[in-house]
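Colleague: Before I use these coordinates, I would like to go through the labels attached to them and hear what each one rests on.
Modeller: Then let us take the labels one at a time.

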Amino acid sequence: MVFELKSLVLDQNEKIKALERQNDMQSKKIKKLRTMIKTQDAKILHLHLQHADKIDLVNKSNLMEPKPRNFQSKKTPTFEGPELSEKVMRTQTQHRIARASDTPIAFYAYSSQTFSRPSDHFVLSFDTVITNGGNSYHPHSGVFIAPRSGFYVFTWSFRVEGDAHISTELMVNGAPQSSIYFDATDYVGGNTSGTVVFQVNQGDEVFVRTTKNNFNGGDILSDYMGRTYFGGWLLHVA
């Protein structure tokens, strides 16, 4: 009987080790896919900026083309020249910059899924987008790419089940800026949240991930009883 129990325990331990190896392989694949998504998001942003620059160049070229004079008209003659064209170009550029500055930069998204026992440095993705002013938050990767330099407010929250303990941190380009920790009591879960204000530069990547050093145990939940979310907005242009 004892021998059978020992054999059963050894068999279970081997299965557990196999599952742990499989989980580690899956985590590495997920991390690789998230890196690929972030790279694609960066390429898309670069293409958008190139397209905007081409449109500005076309508009400036159209302004520089001389307009034909209407000699048959007895109205006040049209004055053409480089000074007038430069003034028009300057005015249009100022208006374009003003419109870009007036574009609200704000986002809010929450997760529609459960993160089952996330590994260390697991990047959380918030796939349900409610607000995305400026289109700078990317739900597939969970990353916000700052469209302008300035002071930003960021807030995030996560919900855990009973007996779980989870720690998450807010990252900027791989450097942690703040972290929050929640240790649920027996059979009673809950939400915790964090809010920070700091300066980021244009193109900086901001995201939420779990910490390391075995601070994480249990699932991260997100449903009608409590959402796991990520949000932020531009407070002041630097």
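Modeller: A residue is called buried when its relative accessible area is under 20%, exposed when over 50%, and partly exposed in between; please also keep in mind that this is a predicted model.

Colleague: Why is L235 called exposed?
Modeller: The relative accessible area of L235 is 52%, and the cut-off for exposed is over 50%, so L235 is exposed. L235 is found in strand 11 (residues 229-237), and together with F151, V197 and W233 it makes a nonpolar surface patch of about 390 Å².

Colleague: Why is V129 called partly exposed?
Modeller: With a relative accessible area of 34%, V129 falls between the limits of 20% and 50%, and therefore it is partly exposed. V129 is found in strand 2 (residues 128-133) and touches Y108, A109, Y137 and P139, leaving aside residues up to four places away in sequence. V129 and Y108 are 21 residues apart in sequence, while their C-alpha atoms are 6.3 Å apart in space.

Colleague: How do you know that strand 5 and strand 8 pair?
Modeller: Pairing requires at least two bridges between the strands, and 11 bridges join strand 5 (residues 150-160) to strand 8, so these antiparallel strands pair. One of the partners is T192 in strand 8, which is bridged to F158.

Colleague: What makes strand 3 and strand 7 edge strands?
Modeller: An open sheet is formed by 5 strands in the order 3-4-9-6-7, with antiparallel pairing. Strand 3 (137-138) and strand 7 (175-183) each pair on one side only, and that makes them the edges. Within this order, 5 bridges join strand 6 (residues 165-172) to strand 9 (residues 205-210), and V172 stands opposite V206 in strand 9.

Colleague: Which residues have the most contacts inside the largest nonpolar core?
Modeller: That core has 29 residues, and those with the most contacts inside it are F144, Y152, F154, L170, V200, V206 and F230. Strand 5 gives the most to this core, with 5 residues. L170 touches, among others, F154, W156, V196, F198, V206 and F230.

Notes:
Residues numbered from 1 in each chain as written. Predicted model: local features only at pLDDT ≥ 70, side-chain atom pairs only at ≥ 80, totals over all residues. Heavy atoms only, no water. Helix = DSSP H or I, 4+ residues; strand = E, 2+ residues; numbered from the N terminus. Patch = residues over 30% accessible without salt bridge, like charges linked within 9 Å, V, L, I, M, F, W, Y side chains within 5 Å. Areas by Shrake-Rupley, 256 points an atom, 1.4 Å probe, with all protein chains shown as cover. Salt bridge = Lys/Arg side-chain N within 4 Å of Asp/Glu carboxyl O. Buried < 20%, exposed > 50% of the residue type's maximum accessible area, 1.4 Å probe, protein only. Contact = heavy atoms within 4.5 Å. Core = buried A, V, L, I, M, F, W, Y, C linked by side-chain atoms within 4.5 Å.
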